[in-house]
Amino acid sequence: MSLDTEFERVSLSLEFPFTISRGTTEEAENVIVRVNDGNYEGIGGAAPSAHYGETVDTVEAVLPTLLAVVEDVGDPHQLARIERRMKERVNHNPAARCAISIALHDLVANRMGLPLYRYWGLDPEEVVATSYTIGIDDTDRMAEKTATACERGYSTLKVKLGTGRDEEIIETVREEAPDATIRVDANEAWSPREAVRKIEALDEFGVEFVEQPVPAENPEGMRFVRERAALPIAADESCVTLADIPHVAEIADIANVKLMKCGSLREARAMFETARAHGLETMLGCMTESNASIAAACHLAPLLDYADLDGSLLLAEDPYGGVAMPEGEIDLIGVSRGTGASVR
Ligand SMILES: [Mg+2]
């Protein structure tokens, strides 16, 4: 068997400029990988994050080395072998490795004529709805975005905080969305004591949990918050690869896994199993990414307690097919084969 591979850079425009405590994004660049066996194709996407040391340039720089591994092994079903060898060649650059992991899983499931979740044996009815993220903006704009999200039927909102007016924001969002489940993400913006205080105030507005209140560089701060906070704490920036999970269990309640942090669908699955074994709840998040990668993430939904897979929903337009998410409900049963990324 021989495999052909190619990659290209794509620009993705967001429907609204997206701000978190660290900065604003209006357009994201992803790198799309295609692997073809002559009959079937697999598509994967890399959504590199500068926070974890990757850019589209670094992705494009290492892809030829990584894709040479794929062509050398030649059999897309040898997922364990390919992923092991890729990691031996390029240990960092998880988004670049992940694009290939996703493309191979899509190709293999396409060859088998199965949707990816069925190839894995997962139950498509055991899914949770995705949250829809409200980025930081002036408070009136955040109220408008919340109203729009509610009109579109999203019942779980993730609100970005880490401003001087966090309480005003959450009060406004709660007013606009009285029945929604509301989660909060501070993206490392608070000090430990400030976090405990703010979380107490958030609890009044019926917030479900708080993500990454303090910097990942301060694990003792995370532990301090978790021991005192009124709400469950999710670790995102503190939870990067499988090796982090045992420690995350000591400082948080929820492990927020992202494909672009851990670099592989196989590692993400291992992270969920390991997280559960350590008493953690599981969450899958995303970067600013298209269905070339989000579609694959959706097939992991049966393993989750919380899904934050709105990458494609936040784009002005998504060039790839994917898993339908009407009102945030992840419709795996509607996928005919592969991840759904190549079906439009
Ligand atoms: Mg986060």
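I started with Arg-141 and Asp-137, whose side chains meet in a salt bridge, 4.0 Å from N to O. I kept in mind that this is a predicted model. Then I looked up how open the two partners are: Arg-141 is partly exposed at 27% relative accessible area, and Asp-137 is partly exposed too, at 24%.

Next I checked Lys-198 and Asp-166. Their side chains form a salt bridge as well, with 2.7 Å from N to O. Lys-198 sits in helix 7 and Asp-166 in helix 6, so this pair ties together parts 32 residues apart in sequence. Is Asp-166 buried or exposed? I found it buried, because its relative accessibility is 3% and the cut-off for buried is under 20%.

Then I went to Asp-72 and Arg-85, a salt bridge with its closest N and O atoms 3.7 Å apart. Asp-72 belongs to helix 1 (residues 56–73) and Arg-85 to helix 2 (residues 79–89), so the bridge links parts 13 residues apart in sequence. Asp-72 counts as exposed at 59%, while Arg-85 is partly exposed at 31%.

I also noted a network of salt bridges linking Lys-158, Lys-160, Asp-185, Glu-211 and Asp-308. How many salt bridges does the structure hold? I wrote down 28.

Last, I turned to the surface. There is a patch of negative charge there, and among its residues are Asp-138, Asp-140, Glu-168 and Glu-200. Which helix gives the largest share of the negative patch? That is helix 6, with five residues. Helix 6 (166–176) and helix 7 (192–203) each supply at least two. I picked out Glu-168, which lies in helix 6 and is partly exposed at 39%.

How values were computed: Residues numbered from 1 in each chain as written. Predicted model: local features only at pLDDT ≥ 70, side-chain atom pairs only at ≥ 80, totals over all residues. Heavy atoms only, no water. Patch = residues over 30% accessible without salt bridge, like charges linked within 9 Å, V, L, I, M, F, W, Y side chains within 5 Å. Areas by Shrake-Rupley, 256 points an atom, 1.4 Å probe, with all protein chains shown as cover. Lys, Arg positive; Asp, Glu negative; His and termini not counted. Charge placed at Lys NZ, Arg CZ, Asp CG, Glu CD. Helix = DSSP H or I, 4+ residues; strand = E, 2+ residues; numbered from the N terminus. Buried < 20%, exposed > 50% of the residue type's maximum accessible area, 1.4 Å probe, protein only.
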